[in-house]
Structure formats: C-alpha cells, structure tokens
Amino acid sequence: MKKFVWILFSLLLVTSWAAAAEKEVEVVYAEDQYCILGYRGTPKLPWCEYCVHDADRPVPPVMKLNPAEIPFLSPPEDAQILFDYHHPSLEAWKPEAFEKGNWKLAGNYLEAHTGGVASKAVFSDAHIHVEWRYPKDYQGDWGNQGNNGVLILGIYEIQIFNSQKYRINPDGMAGAIYGQTPPLVNVALPEGEWQSYDIFFQAGKWDGKTCLERPRVTILHNGVLIQNNAIIYGKTHHKILPEDDTGCTTGPLILSGHHCPVQFRSVWVRNLSK
C-alpha cells in the first residue's frame, strides 16, 4: 500500500510540475510593499490544499516567550560537538566556505554571509541541536532578514528567518520545513536574542528506489513543539515542489547563508541510528 501511495504521489508531482510551467507566478506583497506574503500560481502541494509558498495559507498563531526563560540544552556525553562558543573551532566543518570568506569566526561565534557550510561528518537518524540569533537592526533587504537554514542530510531545510518582526509565507517562516509545512506556532524571538532548535530526525526507508517510509521530523523551537512527527516529502527548494530524494538516508549537516550575518554559538548532533 505504501508503495502504491508513493508512486501516486510521484505521478502527482510530475503533473503539478507540468501545470506550473504553464502558469505565471504572482508575488503577493504586504500593504507596505516591503514584505512578501507569498505567491499565487506556484505548484499545488499534492498532500494538502495549498500551493508552494501560498500567500493564502493560514498563518500560525504567535506564542510570546520570555527570552530569559528559554531552555538551552547542554550536549549529552554521546553528542558530537560541531561548534561550541566556549571553545570555538572550525575543525568539524569543511573549509571551503571559510576559505572563500563566505563564513567566518566573529569573536566566539560562527557567522554566516552567503552560501552554506557543511559538516565533515555525515548523519542519519539524529537529534540536532542548534543555537542561533539574527542581528539587530539589519539593513539588508526584506528577503534576507535573519534568513538562514538548517539542512538535514544537506537536503531538507528547516528555515531560520526573523519571523518575530517580518511576515512571510507560512512555509518559509522560522521553523518551517521549507516550501512544505509551516510550524504549528510562531515562537520566534526579537532580534539579537539567542534561540534554539532541537530537531529529531528520522531518515526515510528505502528498498532500492521504492520508498517504504518517508523521512519525518519533530522540532522544538525555544523549547516549544512546532513540528510533530511531520513528513518530509522531498528535497526542499524555492517556489517548486519537493525534488526527488530517492535513496537519501545519510548526509552532512549544512548551515545555509543568505546574505545576513546570522550567528551560531552551539551546534551538536546525537546519532540516533545506533
């Protein structure tokens, strides 16, 4: 049955791609013409009633948190430390992003500019902990406001964005499975405050090219449940349907970059595939 459902879903993706090629995408702006609320004319997501980056998709409710009460987990003894601001080192990351000047150490913090930085280690089922903040009074354009992401296996993006201050299409806001599933609630903090993701990822199961079980993810943002065993439908991208991820079960952790100096102070991973 699962095989039949996945074959049907794949056929729907092909049909949606073809239909999208014939449609013109409309950008929907906020009243002040600064924020983009989403798009109309993008492909319809086969598993729900909405389109990719749908401007008419319901916005998750806001839950206000006290930044002073945010829980930040210490790494357990079995965690692999990728970055620790107490002892800053780039040893766990591939060097290309730093050699090109796209990423850097800013004091004790890892700071993004553009493009991604990938871990040397690869992971599968995992608990991924990331502590991050977007800058105060960032002067870049709207689309770069706190824009970054955590790419599980290097292909499934959990979005980072300044959703406390700026509205964006729900599947592109902080905590969204990018282009697929909005968070249950918006718990983004103000600019300059440290925030955390605890991402519990279960890789997909495959028999050759046959998908037996889609990957799933549960996420805590600042200690609040925002994704509850949510299905990931394929590789995440902008304005298009999820792309084929046949056989993908392992990959690096990638932190994205979108021209905004988002900083990271703690990144660690627990291997749950043992």
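Analyst: The largest cavity is lined by F123, S124, I128, L151, I152, L153, G251, P252 and L253. A cavity here is a set of points on a 1 Å grid over the protein atoms alone where a 1.4 Å probe fits but cannot get out, and lining residues have an atom within 4 Å of a point. Before going on, note that this is a predicted model, in which local features need pLDDT of at least 70 and side-chain atom pairs count only at pLDDT 80 or more, while totals for chains, interfaces and linings use all residues. Residues are numbered from 1 along each chain as its sequence is written, and side-chain values use heavy atoms, with hydrogens and water left out.

User: What volume does the largest cavity have?

Analyst: Its volume is about 40 Å³, where a volume is the space filled by probe spheres set on the points, and grid points are joined across faces, edges and corners. The structure holds one cavity of 30 Å³ or more.

User: Which strand gives the largest share of that lining?

Analyst: That is β15, with three residues; β8 (148–152) and β15 each supply at least two. Strands (E, at least two residues) and helices (H or I, at least four) are DSSP runs, numbered from the N terminus.

User: Switching to the nonpolar core, which residues touch the most other members?

Analyst: W93 and F264 do, within a largest core of 47 residues, and β7 gives the largest share of this core, four residues. A nonpolar core is a set of buried Ala, Val, Leu, Ile, Met, Phe, Trp, Tyr and Cys residues joined through side-chain atoms within 4.5 Å; buried means under 20% relative accessible area, exposed over 50%, and partly exposed in between, with a 1.4 Å probe and protein chains only.

User: And what does W93 touch?

Analyst: Leaving out residues up to four places away in sequence, W93 touches L82, F83, F98, L110, V117, A118, S119, K120, L253, L255 and V267, with contact meaning heavy atoms within 4.5 Å. A second, separate core of 11 residues includes V28, A30, C35 and F161.

User: K120 is on that list. Which residue does K120 pair with in a salt bridge?

Analyst: K120 meets E91, at 3.4 Å from N to O; a salt bridge is a side-chain nitrogen of Lys or Arg within 4 Å of a carboxyl oxygen of Asp or Glu. K120 sits in strand β6 (residues 117–123) and E91 in the loop between β3 (80–84) and α2 (96–99), 29 residues apart. K120 is partly exposed at 44% relative accessible area, whereas E91 is exposed at 57%.

User: How many salt bridges are there in the whole structure?

Analyst: The search finds eight. Among them, R265 and E131 meet at 2.7 Å, N to O, and because R265 lies in strand β16 (residues 263–271) and E131 in strand β7 (residues 126–133), the pair ties together parts that are 134 residues apart in sequence. R265 is buried at 12% relative accessibility, and E131 is buried at 4%.

User: Are D245 and R214 buried or exposed?

Analyst: Both are buried, and they form a salt bridge whose closest N and O atoms are 2.7 Å apart. There is also a network of salt bridges linking E26, R40 and D56.

User: Last topic, how many disulfides?

Analyst: The count is zero, a disulfide being a pair of cysteine sulfur atoms within 2.5 Å. For C48, the nearest cysteine sulfur, that of C51, is 8.3 Å away.

Methods
On a 1 Å grid over the protein atoms alone, a cavity is a set of points where a 1.4 Å probe fits but cannot get out, and a pocket is an open set with protein on both sides within 12 Å along at least five of seven lines; lining residues have an atom within 4 Å of a point.
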